Amino acid sequence: MNDQLDFYNKNKINPVEIKSDKKFFNLHHHQRRNLYENHLKIPMSWFQNKDFLEFGPNSGDNALITCMWGGNGILVEPHSFVHTQIQQLFEKYRLEHNLQEIYSETLEIFESNRTFDLVIAEGFLHAISNRIEMLMKLFRFSHDKVIITYSNCYGFFFESLKRFVFRKAIQMKNIDEKNWSLLLDLAEDIFRNAFEKLKTARTFESWVKDVLLNPCITSESLNDLPDFLEKLPPNWKYYSGSPAWDLSFLYCWYKDIKEENIMEYYLQSIPFFITGKREDSFSSIEVAKIKSLTELMLDFSSNINQVEDRISASDLTVFQQKSLIDVKNLFWSFQTSNIDYTLDFYKDSCISDFWGMPHHYVCFSLR
């Protein structure tokens, strides 16, 4: 069992808990359709009568939508306490016939002689140390497409900053980490307003537990896209992704056949991954500092290091771009030892509304 799975089981966490009312389910459905059709380039009609294998579906909300589009699914969910919830969800929407089986194994343990049209692994590869080996295993189960998510080493910057601010606030306010009520009140005060602007179907409480408090998110969780592309088996290729950054065929006539160079566009998109704003640009020095600071803040928020021993505000003088000035000033404010002043500064700054692009979808396809 990996550490994140243990954390979820121990705390009975559904990391992608969706608000149950119809309004938010419809929002979630539209978001999934946008993800697949516009970002991953897989039309909804493609799923009709397709067999898919999904690892880590949690309560099955995403798998349900895939089945609404005509797919037939096998789910591999090690959180056994949500199996009944999955079955009830499919029965509610009269799609139980599309749910072929639910297994309790982890990806590491699961085996099958079948291959599927689509294999999905969302939201957990970052938590296992042998993720490249497990990615190779996913390819063995598919004869067409594989979709994964991973934690991007650049896009995680502002999420790591949120974790850092929260951990510092807990320490400086001497809050008991076992007191969920106090932790939630603190998170509400710091992050709720910015969270509501996201218009996400996910619950705030789920986000706090899974993002702010999850001790398994560390520097070892992060990857760069080349980490995966360099290991692809023969005949497999990058097909699509989200956020959508591949401009290989933009402004091109279909008769102009050219060799794809996705890495060129990926590297150009790093500032967009960091802030979520496509107009931003950073120097190579700023990008390198962002990557190293992200790793330090993640490890601090998971109680692996004391960031004060590794970095000070004076180390951030390389930050010159406008959206990074407040990050530098935030670190200076921590040196006042007045946490209320620091939190007020954070909430009033532009960086409180920056989320970046921490989790990337990648679709691989057989050529």
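Predicted model: local features only at pLDDT ≥ 70, side-chain atom pairs only at ≥ 80, totals over all residues.
**Nonpolar cores**

The largest nonpolar core has 85 residues, and F55, L138 and F166 touch the most other members of that core. Apart from this core lies another, of 26 residues, which includes F25, C67, I86 and L118. For L138, with neighbours within four places in sequence left aside, the contacts are F55, L107, V119, A121, L125, V146 and I148.

**Packing of helix α6**

Helix α6 covers residues 157-172 and packs against helix α12, residues 284-301. The table sets out the two pairs.

| Pair | Axis angle | Axis separation | Crossing |
|---|---|---|---|
| α6 and α12 | about 40° | 8 Å | left-handed |

On the α6 side, the contact with α14 is made by K162, V165, A169 and M172. On the α14 side, I339, L343 and Y346 take part. By class, this contact has six nonpolar residues, one charged residue and no polar residues.

Returning to the α6 and α12 pair, whose axes are 8 Å apart, α6 contributes F157, S160, L161, R163, F164, R167, K168 and Q171 to the contact. From α12 come I290, L293, T294, M297, L298, F300 and S301. By class, the contact of α6 with α12 has eight nonpolar, four polar and three charged residues.

An α-helix has 3.6 residues a turn, so residues three or four places apart point the same way. Such spacing can be followed in the α6 contact residues V165, A169 and M172.

**Helix α13**

Helix α13 spans residues 322-334, and its buried residues are S323, L324, D326, V327, K328, L330, F331, S333 and F334. The buried residues of α13 pack against α6, α12 and α14, and also against α11 (270-275).

**T218**

T218 is placed in the loop between α8 (204-212) and β6 (222-223). Its relative accessibility is 12%; because buried means under 20%, T218 counts as buried. Leaving aside neighbours within four places in sequence, T218 is in contact with L298, D299, S302 and I304. One of these, L298, is also among the α12 residues in contact with α6.

Definitions and conventions. Residues numbered from 1 in each chain as written. Heavy atoms only, no water. Core = buried A, V, L, I, M, F, W, Y, C linked by side-chain atoms within 4.5 Å. Buried < 20%, exposed > 50% of the residue type's maximum accessible area, 1.4 Å probe, protein only. Contact = heavy atoms within 4.5 Å. Axes fitted to C-alpha atoms, helices over the stretch in contact; angles between N-to-C directions. Helix = DSSP H or I, 4+ residues; strand = E, 2+ residues; numbered from the N terminus. Left-handed = near helix turned anticlockwise from the far one by under 90°. Nonpolar A, V, L, I, M, F, W, Y, C, P; charged D, E, K, R; others polar.
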